[in-house]
Amino acid sequence: MGKESETGDAAFRRARREAAIILVAWGVCLAWTIGYSHFFGYDRSHLQLLWGMPSWVVVGVLFPWVAATAFSVWFSLRCIRDE
């Protein structure tokens, strides 16, 4: 019973660390989205288009969402281990 408990504890700690890494990555992207959109989304006097969308949408919303998704896919395929 002791060996099984030690293995379970190690798996739990690893899973908690993996979840924390994903949450921090998504939190950074969320903070970027909110901050960038707040500062650059309200000034409509000089609206610039990028790929047919306002540039603040591309840089403030699209870029961090794509980056967070790419990081999550990479992290799940390369770093998360099955116990």
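This is a predicted model: local features need pLDDT of at least 70, side-chain atom pairs count only at pLDDT 80 or more; totals for chains, interfaces and linings use all residues.

1. Is L50 buried, partly exposed or exposed? At 33% relative accessibility, L50 counts as partly exposed. L50 is found in strand 1, which covers residues 49–50. Leaving aside residues up to four places away in sequence, L50 touches S55 and V58. Its C-alpha atom is separated by 27 Å from that of W74, a residue 24 positions apart from L50 along the chain.

2. Overall make-up. The protein has two helices and two strands, and read along the sequence they follow the pattern α-β-β-α. The radius of gyration is 19 Å, whereas the globule rule gives 12 Å for 83 residues; the value is well over the rule, so the protein is more spread out than a compact globule. Taken along the principal axes, the C-alpha atoms fill a box of roughly 70 × 20 × 10 Å.

3. Surface and contacts. Buried residues make up 18% of the 83 residues. The accessible surface comes to about 6,700 Å², and carbon and sulfur atoms account for 68% of that surface. Of the contacts with a separation of 6 or more, 65% are between residues 24 or more positions apart.

4. Helix 2. This helix runs over residues 55–78 and has 24 residues. From its first C-alpha to its last it reaches 33 Å, close to the 34 Å expected at 1.5 Å a residue. Where does helix 2 have a kink? The kink, of about 30°, lies at L62, shortly before the proline P64.

5. Buried positions in helix 2. These are V58, G60, V61, P64, A68, S72 and F75.

6. V58 in particular. V58 is found in helix 2. Why does V58 count as buried? Its relative accessibility is 5%, and buried means under 20%, so V58 falls in that class. Not counting residues up to four places away in sequence, V58 touches L50, W51, M53 and F63. By contrast, the C-alpha atoms of V58 and A11, 47 residues apart along the chain, are separated by 39 Å.

7. Cysteines. How many disulfides does a search of the whole structure find? The search finds zero. C29 is in no disulfide, and the nearest cysteine sulfur, that of C79, is 16 Å away. C79 is likewise in no disulfide, its nearest cysteine sulfur being that of C29 at 16 Å. A disulfide would need the two sulfur atoms within 2.5 Å. C29 is buried, with a relative accessible area of 13%, while C79 is partly exposed, with a relative accessible area of 23%.

8. The segment after helix 2. D82 lies in this segment. Is D82 buried or exposed? At 78% relative accessibility, D82 counts as exposed. The C-alpha atoms of D82 and F63 are separated by 30 Å, with the two residues 19 apart along the chain.

Notes: Residues are numbered from 1 along each chain as its sequence is written. Side-chain values use heavy atoms; hydrogens and water are left out. Helices (H or I, at least four residues) and strands (E, at least two) are DSSP runs, numbered from the N terminus. The expected span of a helix is 1.5 Å times one less than its number of residues. The bend at a residue is the angle between axes fitted to the seven residues ending there and the seven starting there. Buried means under 20% relative accessible area, exposed over 50%, partly exposed in between (1.4 Å probe, protein chains only). The radius of gyration is taken over C-alpha atoms; the globule rule is 2.2 Å times the number of residues to the power 0.38. Contact means heavy atoms within 4.5 Å. Accessible areas come from the Shrake-Rupley method with a 1.4 Å probe; for residues, only the protein chains shown count as cover.
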